[in-house]
Amino acid sequence: MVDYEVVTVFYRLPEIRYYRPSTLDEALKLLGELSEKARILAGGTDLVLDLKIKRYNVSDLIDISKLNELRYIIDEGDRIRIGALTSIQEIADSSVIAEKAPSLKKAADEFAYWQIRNMATIGGNLCNASPAADTAPPLLVHEALVKTASIEGERIIPITEFFKGPRQTALKPSEILVEVAIPSKPQPPWRHAYYKLGRRRGHEISVTSIAIAASIDAGVFQDIRIALGSMAPTPVRARSVEVFLKGRKVSESVIEEAVEKLSSDVKPISDVRASAEYRLHVSKALLKDMLLKLVKGGGE
């Protein structure tokens, strides 16, 4: 018989001061007064785990989860405004998002599982700044804008400039992300596709995720935007592929040549989910398949 020792491991939250303001103004004032070690708590699906594993050194938590003024989806015709506390499930259920941002709806549909989708918020998913953030690739191809607020005022940041590195954003310590705006794209109609690959179909962090928005007319790529998750230190646009395709006639050979340029746009890593080589190989294969389906009028 083998002797062994039973070791029980507890992940305990460190001692942190907790605040729950009742308005956004109260939250902004509180954030302005506290030290740079204060953090905003929304759905908590990432942050609470991060605190348990001591990823962050936090002195104060400001819980904004009850600020209903930041929970909305409003269609203004030329843009869709989404409050930062809108849950991922509310995005998945929205007819406005389904019609005007279908790839964001698909990303929401495949986001973790029902309980998590009801807790996680779009603002939290972006502020966590994971390279695998599910809502980031669709918002990158929509060239969304994020609005921040602080006691000094508001800022508008293009989402293409929001992610600065793993767990790093353009947010200042005194700012809260309050809204995501998706501009409506001009005619002609755009075609959309989104695909998330994980080690299993659901409840999984992506090995890679791809969002595409393409305007195709008269057999030519008039415009195209491609974004990927889990393929670089931040969610990224595939600029080299976009530049190559824009203005070219649609053909399988053009798509095959374009997909090879993906290597210039991404820097995948090897981790427990997949090797860097596999990530690049499968991303090229998926991108080619998605583009071929899009030019035939389909999507994912």
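This is a predicted model: local features need pLDDT of at least 70, side-chain atom pairs count only at pLDDT 80 or more; totals for chains, interfaces and linings use all residues.
Glu 143 sits in the loop that runs between α8 (136-141) and β6 (145-150). Leaving aside residues up to four places away in sequence, Glu 143 touches Ile 159, Pro 183, Arg 225 and Arg 237. Val 180 is 37 residues away from Glu 143 along the chain, and 11 Å separates their C-alpha atoms.

Next, have a look at helix α1, which covers residues 24-33. Leu 24, Ala 27, Leu 28, Leu 30 and Leu 31 of this helix are buried. If you look down the axis of α1, the buried residues fall within an arc of 165°, so they line one face of the helix. Turn to the other side of α1 and you find Asp 25, Lys 29 and Glu 33, which are exposed. And what do the buried residues of α1 pack against? Their partners are the strands β1 (17-19), β2, β3 (60-63), β6 and β10.

The largest pocket has a volume of about 870 Å³. Its lining is made up of 34 residues, and Asp 46, Ser 130, Ala 132, Arg 167 and Ile 205 lie nearest the centre. Sorted by type, the lining of the largest pocket comes to 16 nonpolar, seven polar and eleven charged residues.

The second largest pocket holds about 760 Å³ of space. Here 37 residues form the lining, with Arg 39, Ile 40, Cys 127, Asn 128 and Leu 171 closest to the centre. Which elements each supply at least two residues of this lining? They are β2 (38-41), α2 (47-52), α7 (122-127), β9 (168-169) and β10 (176-183). Among them, β2 and β10 also pack against the buried residues of α1. The lining of the second largest pocket divides into 18 nonpolar, eleven polar and eight charged residues.

One last stop is the aromatic rings. The count comes to one aromatic pair. Phe 162 and Phe 163 form this pair, with 5.4 Å from centre to centre and 80° between the planes. The arrangement is edge-to-face because the planes are over 60 degrees apart. As for accessibility, both Phe 162 and Phe 163 are buried.

Methods:
Residues are numbered from 1 along each chain as its sequence is written. Side-chain values use heavy atoms; hydrogens and water are left out. Helices (H or I, at least four residues) and strands (E, at least two) are DSSP runs, numbered from the N terminus. Contact means heavy atoms within 4.5 Å. On a 1 Å grid over the protein atoms alone, a cavity is a set of points where a 1.4 Å probe fits but cannot get out, and a pocket is an open set with protein on both sides within 12 Å along at least five of seven lines; lining residues have an atom within 4 Å of a point. Grid points are joined across faces, edges and corners, and a volume is the space filled by probe spheres set on the points. Ala, Val, Leu, Ile, Met, Phe, Trp, Tyr, Cys and Pro count as nonpolar, Asp, Glu, Lys and Arg as charged, and the others, Gly among them, as polar. Buried means under 20% relative accessible area, exposed over 50%, partly exposed in between (1.4 Å probe, protein chains only). The arc is that of the directions from the helix axis to the C-beta atoms. Rings of Phe, Tyr and Trp (its six-membered ring) pair if their centres lie within 6.5 Å; planes under 30 degrees apart count as stacked, over 60 as edge-to-face and the rest as tilted.
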